[in-house]
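Hi everyone, thanks for making the time. Let me put the model up on the screen, and then I'll walk you through it.

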Amino acid sequence: MRRQFDEDLNRLKERLLTMAATAEQMIRDTTNMLLEWNLALFEPVRTSETTMDKFQRDIDEETVRLIAVHTPVAGDLRLLLMVTRINAELEHIADHTMDIGFYAKTMFKGPPLKPLVDLPRMAEITMGMLRGSLDAFSAAASDKALAVIAMDDKVDDLNDQTFRELMTYVLADPKAITRALELVLIARSYERIADHAVNIAEDVVYMVKGEDIRHRELAGAMPMGKAPS
Amino acid sequence: MNTNQELDSVGIETNDLSLWYGAFQALFGVSSRIASGRITALIGPSGCGKTTLLRCFNRMNERFANVRVQGDVRIRGRNIYDPDVSLIELRKAIGMVFQRPNPLPLSVYDNVAFGLRIHSPAGGAIRSQEEEAVEKALREVFLFEDIKDHLDRKGTDLLLEQQQKLCIARLLPLKPTVLLLDEPCSSLDAEGTEAVENLLTSLRGKYTLVIVTHNMAQARRISDECMFMLNGRLVEHADTAALFVTPKDKRTEEYIEGRYG
């Protein structure tokens, strides 16, 4: 019985990791589309969105089945609970890439406002965070998860920097406002994706150590990240 | 020195308790504080020492030859292994229930009155007081309504589940503070188990209950705290919910996840 359960758990973990790899590819394709200024490159992301929805349903269904059949406790219980949470985070990440495609469609109607410098950096760090959080999940390593959480400040800083820079464009030329706004929203989407990677990392810490590190300020500890700007 | 408040909150305390059956050491330096008025489950694989530990709480192990005990067991601050402790008084205060119900081959009424009679001074209790105590005990174990018209039936003729309830009922007139239960549901079917579990839950708060169980689901359902034992050692003692979600010790985790034993 235990062996069967272990096999089922491993299969479920693998499926979640495949889902995460799909999400990462969606971010990569989205970023590529932006850099190439070519909406046609967004097509694979659209296809993947359907795959992600299916992943989410299948993984949740299998998790519920395993809970019902095996009445897990301790590490098994924490793993299964976190699988459903991480599953939802990944689905949100996919939604954000779809949002970026939507903003790009409007933005691409005009010429580029500026060369994209900070955005690819944000995208790179964000993908690294997502990969890192899933590596932490796969290796059940809370130190790796904490390293991901520490990366979030960088993304927040780049987001703030992008916002300030774009405001100078808008002040200089009010006609640039639409394109600037789309870029602000795109940067904001990357920043949200990074936040979901942080959530996954926090879930991994709970899974490994049974310690809930979300909203640490509630426990009187130091707040985890910077306050939202 | 314990304060009174601590004495009230600790039902049973063991300090560095070790026990040997001849040359075989069954308990290794067990130190624990079992909360008063709560249900504490002793869990662990077969032969881990949980029944031995339970039997230390009423000095039941002394019935076996070659048993040697070191360390102490304190109940309300008093070491029950002190030489001047009366075994009769001790076992009045600490009731025990076993795997198989073991009512006496007497009527239901006499089963419950038995303890009262042998522990009463010569002459015994007045009949009306005795009847009152018997009814109260049978009510407390939810048995009175079912068998009030058959109190003269032999205890051994009842359903197994009723017999087990009767075995708990017969302890109550002696006003124990601690009830020790050694796998009290292992000979019962699902329905009987549920009935006894409901009974134990209703006794929470009135008595300190310590239950040995092999059934993890039962430990999760009814206990407030769990003590996990392995190879004669107490590995982990925590609130049940915490122990089953976030055990601190790898060995506890492996055992409750079914990876051990």
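Predicted model: local features only at pLDDT ≥ 70, side-chain atom pairs only at ≥ 80, totals over all residues.

**A walk through the two chains**

Is B:S46 buried or exposed? The count is 8 C-beta neighbours inside 10 Å, so B:S46 is classed as exposed. Now look across to B:D182: it is 136 residues away from B:S46 in sequence, yet the C-alpha atoms of the two are 13 Å apart in space.

Let me zoom out to the whole of chain B. How many helices and strands does chain B have? The assignment gives 11 helices and 10 strands. The radius of gyration of chain B is 19 Å, close to the 18 Å that the globule rule gives for 261 residues, so chain B is as compact as a globular protein of that length. Its C-alpha trace spans about 55 × 45 × 40 Å along the principal axes. Of the 261 residues in chain B, 39% count as buried. If you take the contacts in chain B between residues at least 6 apart in sequence, 68% of them join residues at least 24 apart.

Next, the sheet. In chain B, 4 strands make up an open sheet in the order β2-β1-β4-β5, with antiparallel pairing. Which strands stand at the edges? Those are β2 and β5 (78-79) of chain B; each has a single partner strand, so one side of each is left without a neighbour in the sheet. As a quick reminder, strands of a sheet pair through backbone hydrogen bonds, either parallel or antiparallel.

Let's take the pairings one by one. Strand β1 (residues 10-21) and strand β2 (residues 24-35) of chain B are antiparallel, with 8 bridges between them. In that pairing, B:E13 stands opposite B:R33 of β2(B). β1(B) and β2(B) form a hairpin with 2 residues between the strands, and B:G22 in the turn has a positive phi of about 60°. β1(B) also pairs with strand β4 (residues 67-75) of chain B, again antiparallel and through 8 bridges. Here B:Y21 has B:V67 in β4(B) as its bridge partner.

One more stop in chain B. B:L160 belongs to helix α7 (residues 160-169) of chain B. With 15 C-beta neighbours inside 10 Å, B:L160 counts as partly exposed. What does B:L160 touch, leaving aside its neighbours within four places in sequence? The contacts are B:P101, B:S187, B:L188 and B:G192. B:G115, for its part, is 45 residues from B:L160 in sequence and 21 Å from it in space, C-alpha to C-alpha.

Over to chain A, then. Chain A has 6 helices and 0 strands, and its pattern along the sequence reads α-α-α-α-α-α. The radius of gyration of chain A is 19 Å, close to the 17 Å from the globule rule for 229 residues, so chain A too is as compact as a globular protein of its length. Its C-alpha atoms fill a box of roughly 65 × 45 × 20 Å along the principal axes. Buried residues account for 37% of the 229 residues in chain A. Among its contacts between residues at least 6 apart in sequence, 78% join residues at least 24 apart.

Have a look at one helix pair here. Helix α1 (residues 2-36) and helix α4 (residues 118-139) of chain A pack at an angle of about 175°, and their axes are 10 Å apart. An angle over 145 degrees counts as roughly antiparallel, and that makes α1(A) roughly antiparallel to α4(A). Residues in this contact include A:L17, A:A20 and A:I27 of α1(A), and A:L119, A:M127 and A:L134 of α4(A). By class, the contact has 12 nonpolar, 3 polar and 3 charged residues.

Last, where the two chains meet. The contact takes 9 residues from chain B and 8 residues from chain A. Which elements of chain B give two or more residues to the side that touches chain A? They are α10 (240-245) and α11 (250-256) of chain B. That side of chain B has 4 nonpolar, 2 polar and 3 charged residues.

That's my tour, and I'm happy to go back to any view.

Note on methods. Residues numbered from 1 in each chain as written. Chains lettered and ligands numbered in written order. Rg over C-alpha atoms; globule rule 2.2 N^0.38 Å. Buried ≥ 20, exposed ≤ 12 C-beta atoms within 10 Å, placed from the backbone. Contact = placed C-beta atoms within 7 Å. Pairing = 2+ DSSP bridges. Nonpolar A, V, L, I, M, F, W, Y, C, P; charged D, E, K, R; others polar. Axes fitted to C-alpha atoms, helices over the stretch in contact; angles between N-to-C directions. Parallel < 35°, antiparallel > 145°, perpendicular 65-115°, else oblique.
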